[in-house]
Amino acid sequence: MSLWFSHPLFLPSLVVVVTILLWATSLLPEFITALLFFTVAMVAKIAPPDVIFGGFASSAFWLVFSGFVLGVAIRKTGLADRAARALSSRLTESWPLMVSSVVLLSYALAFVMPSNMGRIALLMPVVAAMAKRAGILDGTRAWYGLALAVGFGTFQLSATILPANVPNLVMSGAAEGSYGIHLNYLPYLLLHTPVLGWLKGGLLIALICGLFPGKPHAPRELTPPEPMSRDEKRLAWMLAVVLVMWVSESWHGIGPAWTGLAAAVITLLPRVGFINGEEFSTGVNIRTCIYVAGILGLASVVTQTGIGDAVGEALLHVMPLDPEKPFTSFLALTGITTALNFIMTANGVPALYTTLAQSFSEATQFPLLSVIMIQVLGYSTPLLPYQASPIVVAMALGRVPARAGMLLCLVLAVATYLVLLPLDYAWFNLLGKL
């Protein structure tokens, strides 16, 4: 026993396990747990300061930060509300069309607004207004379906867009910090969008229509929109430039985080930008930024101290990872991600899984980058709502009962694993990734 306590990995492992448990159980607010991790890790000297605080230097941290800043500007100018209303004004003639429009809005907005929470906060009141005009009342199953369409469409489908949600950013930061691998926008989009974006979106629409039926009627009157303001036009042009820069990253070499940060700085400039200091302090969720930095710091500690290698060796002995059975290995890697989702939630899974990817790659003979990419299906498909905080937020804003959220989570997860997982494996093979 004394030898176990004196093992060099004991103290780092204890800090990591306690931090993960606090995040998983939400005994403390997530940002306080992150600050506690920084404090204990530094006092205990389990790793150098540049490792513990490495999350603040990661591109993932700054992309989350810039996403919040841009989200405040989009909401303030009314640009996103105008776009959402314009797209949805004629899409309430039938229930499938209405559900499809909400899911499409949730997905499309992810291309220009990186923050999951920001998109949900923006879309929920717009969708509520659209539902009211179409005769969908609060507290009905139809309304639950629309609210869940916002939450699931925002979180699950945005996993196909690299800078569009926190788990993607954690994975990107962990891959960069652990292996020096920099994920690019377009290759990532091509790998995940056909199955986890388009097909999963269609599956989500079909399940919502079946589980939460509704009978909307087309609105009789729509207030004509006011002309675009000068600020709306300027912000629209800036976002167009940002999107072009993100898509063309492989050509100019400027990462999405630094493009987003430049746009955020412009947004904050006096007389030139769109938001002032007070709006910044109230609208930008620094708590989430600290939380992301904590997760990335945890990932670096797991890698640098050797905890990741030790856990990886343990998993290698119990998981059916076999180079001769690639589909079984694909299933096993997805299963590892799904299991980790129960204890770490979606935001934390990539922090641990990515640090183990090298061991998994050697056991399966899959390319390292492909092993890292396989986890996306797992962490983007929660079995329970608590595993994805954006879904929980959408349910809270829409006052959706837990039973309704759990029902859609479970049914969509089962359908995803039975139908989409084999298709995802086939798509990986078609692109030569396995």
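Entry 1, the lining of the largest cavity. I looked up which helix gives most to this lining in the predicted model, and I noted that the largest share, 3 residues, comes from α5. Helices α5 (59-77), α10 (166-179) and α14 (256-268) each supply at least two residues of the lining. I then wrote down the residues that line the largest cavity, among them Ser59, Ala60 and Leu63, together with Leu169, Ser172, Pro256 and Ala257. Sorting the lining by class, I found 8 nonpolar residues, 3 polar residues and no charged residues.

My search of the whole structure for cavities of 30 Å³ or more returned 1, and I recorded a volume of about 90 Å³ for the largest cavity.

How many aromatic pairs does a search of the whole structure find? I noted 13 aromatic pairs. Because Phe330 lies in helix α18 (residues 326-364) and Tyr425 in helix α21 (residues 402-430), the pair ties together parts that are 95 residues apart in sequence.

Are Phe330 and Tyr425 buried or exposed? I found a relative accessible area of 0% for Phe330, which is buried, while Tyr425, at 16% relative accessibility, also counts as buried.

I finally listed the residues of one aromatic cluster, which is formed by Phe37, Phe38, Phe53, Phe56, Phe61, Trp62, Phe65 and Phe280.

Definitions and conventions:
Residues numbered from 1 in each chain as written. Predicted model: local features only at pLDDT ≥ 70, side-chain atom pairs only at ≥ 80, totals over all residues. Heavy atoms only, no water. Phe/Tyr/Trp six-rings, centres within 6.5 Å; stacked < 30°, edge-to-face > 60°. Helix = DSSP H or I, 4+ residues; strand = E, 2+ residues; numbered from the N terminus. Buried < 20%, exposed > 50% of the residue type's maximum accessible area, 1.4 Å probe, protein only. 1 Å grid on protein atoms, 1.4 Å probe; cavity = no way out; pocket = protein on both sides within 12 Å on 5 of 7 lines; lining within 4 Å. Points joined across faces, edges and corners; volume = space filled by probe spheres on them. Nonpolar A, V, L, I, M, F, W, Y, C, P; charged D, E, K, R; others polar.
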